[in-house]
Structures are given as C-alpha cells and as structure tokens.
Amino acid sequence: MATQLATRSNDPIAVVRQNLTQMAPQFEAALPKHISVEKFTRVALTAIQNNPDLAVKADRRSLFGACVRLAQDGLLPDGREGAIVMFGDKAQAMPMIAGVLKKIRQSGEVAKVSAQVVYEKDEFVWHLGFDEDVTHNPPPLDQPRGKPIGAYATAVLKDGSRLLEVMSLEEIEKVRAVSRAKGNGPWVQWWGEMARKTVMRRLSKRLPMSTDLVDDLDRDETLPREDVLEHEPQPAMSRLDALEHHIEGENTIAPDSPNAEEGPGDSERGEAFAGEGVEGQDV
C-alpha cells in the first residue's frame, strides 16, 4: 500500500487530477450555468493528459490560473473553444476561433458571423461599398483546393447591416511576422485557425463594443512584444490583437506545408479523448 501511494504521489497527472477536483468550488463559481463543473474538469484533465508538458513543466499556479480564466470565459479547453498553451514555463489560456465566434454570437448584437480560409482553387468574389458581400464556393470534395491565399470574416448585425473583412496571404503573414508565436504553436500546427482569428480580429474593430470580448481578453496574460513593433508605427490594438501572441517558437513552417493544419484533430480535443466525440465547428 505504501508503495502504491508513493507511486501515485509521484504521478503528475494524478496530482493534477486531485488539484482539479479540489478546485471544483472555484470552477462552479466561474462557469456559466450551461457548463457543468464535472464536464469542465474532465475536459481540462484530458487537455493536460494530451500535452504532458503542462503537467510536468508548466508552473502549477499558471496552469490552474489558465483553467480558471477559461471557466470565467465560458470556454472549454478542448482545442476548439479554448486551449491551454505553454509560453516558456508558464501555462496560458488561449481562446480559439470557435470560442471567439461563440462569444460574439452570445453578445446578442450579431445575427450571423463566420470566418473562413480561401484557397487558390476556390471560387471567391467579394464586393465592397454600401452592401458588403462575398461569394465563396470551394471545388468538389474530390478535387484539391490548393494553397491558402487569404481569409475573410463576415458578420450580419441584428439591424441587417453586413460587414466584411478580407485579408490576403501576404497581409496575414505580416501579422504572423510580428507575433511572438510566429514559429511555433498554433501558427505552425493550425495555420488556418490562426488566419481565421487574424481576420476576425480585424473585423472585430467594426463590431458593436459588446461583441469585442473585452472581459475575456483583458484577462489574457499574453501581451504583444514591444520590440517587434518599434520599427513601424502600429494602430491601436483591438481587444482581439492578443490572440496572435500566445506562444514563443523557433522554427517556421509555411502555410502550405503538410504539417500546417487548419485546426486540431479530434484526437487532440478533450471531448474526443473522453470518448464522447466532438461536434464539428460551425461557423
């Protein structure tokens, strides 16, 4: 028995599981009513199991702080709505594109919102002026879409107004170039995810203030690096600007690389690991 207890105490995942259980009252106070403490705790534990560095290398205070922040934002750390990422030896809470869209929809000011990547084989036509609009038709599923060439975000407000932002690949890569995360993490693993967040960040500057995720991103510990912005004057940051600065890295992978996926696979999402499955991302 003593040996078993010693082994358990040396198991970082077992310790994290115990700590998460002890934090149930904090999660209950922070979570919205539609997310149970049990579900949030299960998904958080699965996310940590899927990334052992969080349990072994991350500062525990920052790890559990990231969990609480996601709970406050009403986002599950499933790799779809939100994620817990490493920034040095600190764990950080990072909203994902599905979480950003979820919070915008919940604002009550936006009827529809979407963000998509455009590929070179897609049919893509966009119009500006008094009636901003876009037509986007991918090729048949049995035909390749080619390399990414840009991304766009669109929103329909409650009053019927339509808003559109379009960014070319060059514009997106300029944003990536000044990001602390440009060579690692989501920009490498999930280029499409970050491209969609980048263009949604730009659109957010035109959305009603109640959709600007003020509370969520004001709690985000990640800040832009001032030294990479010194050489060129930059406009005032939107509340979503911090989404592009979450993880440091060394190696850059091009967006058309086979390793640059659009988003996390089902096996990387907390609910899938827990055996319950994950709904497709609806944007």
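A residue counts as buried under 20% relative accessible area, as exposed over 50%, and as partly exposed in between. By that scale phenylalanine 124, at 22% relative accessibility, is partly exposed. The model described here is predicted.

- Strand β1 covers residues 82–87, and its pairing with β2 is antiparallel, with six bridges.
- Across the pairing, alanine 91 of β2 is the residue opposite methionine 86.
- Strand β2 spans residues 90–95, and five of its six residues are buried, so the rest of the structure largely encloses the strand.

**Helix α7**

- Helix α7 runs over residues 97–106 and is mostly covered, with seven of its ten residues buried.
- The buried residues are Ile97, Ala98, Gly99, Val100, Leu101, Lys102 and Ile104.

**Aromatic pairs**

- In the pair of phenylalanine 27 and phenylalanine 40, the ring centres are 5.1 Å apart and the planes stand at 55 degrees, so the pair is tilted.
- Phenylalanine 27 belongs to helix α3 (residues 24–30) and phenylalanine 40 to helix α4 (residues 37–50), so this pair ties together parts that are 13 residues apart in sequence.
- Both phenylalanine 27 and phenylalanine 40 are buried.
- Phenylalanine 124 and tyrosine 152 also form a tilted pair, at 5.4 Å centre to centre and 35 degrees between the planes.
- This pair links distant parts of the chain, 28 residues apart: phenylalanine 124 lies in strand β4 (residues 123–127) and tyrosine 152 in strand β6 (residues 148–157).
- Tyrosine 152 has a relative accessible area of 6%, and because buried means under 20%, tyrosine 152 is buried.
- Phenylalanine 124, its partner in the pair, is partly exposed because its 22% lies between the two cut-offs.

Technical notes
Residues numbered from 1 in each chain as written. Predicted model: local features only at pLDDT ≥ 70, side-chain atom pairs only at ≥ 80, totals over all residues. Heavy atoms only, no water. Buried < 20%, exposed > 50% of the residue type's maximum accessible area, 1.4 Å probe, protein only. Helix = DSSP H or I, 4+ residues; strand = E, 2+ residues; numbered from the N terminus. Pairing = 2+ DSSP bridges. Phe/Tyr/Trp six-rings, centres within 6.5 Å; stacked < 30°, edge-to-face > 60°.
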